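Please open the model in your viewer and keep the selection panel at hand. The stops below take you from a pocket to a surface patch and then to pairs of charged side chains.

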Amino acid sequence: MTAVIRVMRGFAYAFLPAEIVLLVLLVAGVRIPPAALAAAELTGMALFLTGTVVFVRLWRRERSARRALGELVPEPVLRLVGHELRLMASLVLWFGRRRVGVRPDDQVFPHARDQAALMYGFAFVCLVETVGMSYLLGDWPVVHAIVLVLDVYTVLFVLGLHAASVVRPHLLTADALRLRQGAHVDVLVPLDRIASIRHELVFTHEKTEGELNLAVGSQTSLTIELTEPVNAPRFLGAPRPVRIVRCHADDARALYRALTRTPAPAPADAPTPPQAQALTPKLTPKLTPARTRPSPTPVPPA
């Protein structure tokens with residue numbers, strides 16, 4: 001089975017670029033021999049059917065569709081496709097006002113507010129570009145259709161980036177802090193590994209080994225130092241141990257108080273509870289002797 005998978009991957013690596021070149025030639029108006037088109041279609045169909053058969057056999061052996069797909073498809077490709085699917089699913093959850101992975105006992109800390117204006121601006125620019133390209137490519141129907149699909153997907157992609165951050169807030173459970181960013185970062189930090197927490201605004205972040213910066217709107221507001229590193233996998237799955245994590249939250253002070261178990265300060269104009277009033281002695285102002293004696297009689301001028 002392993003040899004068959006290797007042969008399939010080799011054919012796929014050669015077939016997909018050839019299929020892209022063939023598509024570009026068709027869009028450009030180059031006449032392709034019918035035999036070449038038929039060979040390409042038959043090769044693609046054979047590759048698809050072979051992959052389906054191998055996937056079914058792996059599924060029966062592993063008894064898990066995820067494991068079978070992981071053996072059949074390279075991990076970087078699987079992560080890229082999974083990221084795109086999570087972005088599109090985040091749009092649906094965003095419109096339905098639902099969140100991912102939130103349990104009743106979890107404390108929720110959103111973190112997408114400070115990037116909303118920027119993401120909406122990007123989406124608007126992409127929308128304007130879509131309208132402009134549709135007008136310019138009106139005389140080339142095939143090119144117009146392809147570019148229109150790409151432009152519409154770009155708008156959905158930008159909105160999906162923001163929606164993924166909205167539906168995946170930071171979560172604080174009884175024993176761990178779950179930090180997330182978009183649909184590609186999900187780090188679990190055990191509370192017993194936290195050495196120190198600082199509430200500080202940082203606007204400049206340099207890539208340093210052992211540090212993870214989850215900036216939102218180019219800023220982080222909490223710095224967490226750990227006693228032992230935790231794994232924060234890179235986008236394509238490579239391991240990355242980190243001991244310092246910088247993150248951001250819409251209410252960073254509330255997250256800081258929750259992590260340090262510090263109670264929230266009472267408002268300045270809040271009324272004093274009756275119990276506190278009973279324990280607080282009433283202070284009566286006392287006048288000094290200087291204030292109780294009558295004022296001296298003024299001496300007239302000479």
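Begin with the largest pocket, which has a volume of about 500 Å³. A pocket here is an open set of points on a 1 Å grid over the protein atoms alone, where a 1.4 Å probe fits and protein lies on both sides within 12 Å along at least five of seven lines; lining residues have an atom within 4 Å of a point. Volume is the space filled by probe spheres set on the points, which are joined across faces, edges and corners.

This is a predicted model, in which local features need pLDDT of at least 70 and side-chain atom pairs count only at pLDDT 80 or more, while totals for chains, interfaces and linings use all residues. Residues are numbered from 1 along each chain as its sequence is written, and side-chain values use heavy atoms, with hydrogens and water left out.

Select Met8, Ala12, Leu72, Val73 and Pro74, which lie nearest the centre of the largest pocket among its 16 lining residues. The elements giving two or more residues to this lining are helix H1 (2-28), helix H2 (34-62), helix H3 (65-72) and helix H4 (75-95), where helices are DSSP runs (H or I, at least four residues) and strands are runs of E (at least two), numbered from the N terminus. H1 provides the largest share, five residues.

Next, select Val21, Leu25 and Val30, a nonpolar patch on the surface with about 220 Å² of accessible area together. Such a patch joins nonpolar side chains (Val, Leu, Ile, Met, Phe, Trp, Tyr) within 5 Å, from residues with over 30% relative accessible area and no salt bridge; areas come from the Shrake-Rupley method with a 1.4 Å probe, and only the protein chains shown count as cover. Valine 30 sits in the loop between H1 and H2 and, at 40% relative accessibility, is partly exposed (buried is under 20%, exposed over 50%, partly exposed in between).

Now turn to the salt bridges, of which the structure holds nine; each is a side-chain nitrogen of Lys or Arg within 4 Å of a carboxyl oxygen of Asp or Glu. Select arginine 103 and aspartate 106, whose closest N and O atoms are 3.5 Å apart; aspartate 106 is buried at 12%, whereas arginine 103 is exposed at 53%.

Finish with Arg198, Glu200 and Glu225, linked in a network of salt bridges. Arginine 198 meets glutamate 200 at 3.3 Å, N to O, and glutamate 225 at 2.7 Å. Glutamate 225 lies in strand E7 (residues 220-231) and arginine 198 in strand E5 (residues 194-202), so this pair ties together parts 27 residues apart in sequence.

Key: Patches are made of residues with over 30% relative accessible area and no salt bridge: like charges are joined within 9 Å, nonpolar side chains (Val, Leu, Ile, Met, Phe, Trp, Tyr) within 5 Å. Buried means under 20% relative accessible area, exposed over 50%, partly exposed in between (1.4 Å probe, protein chains only).
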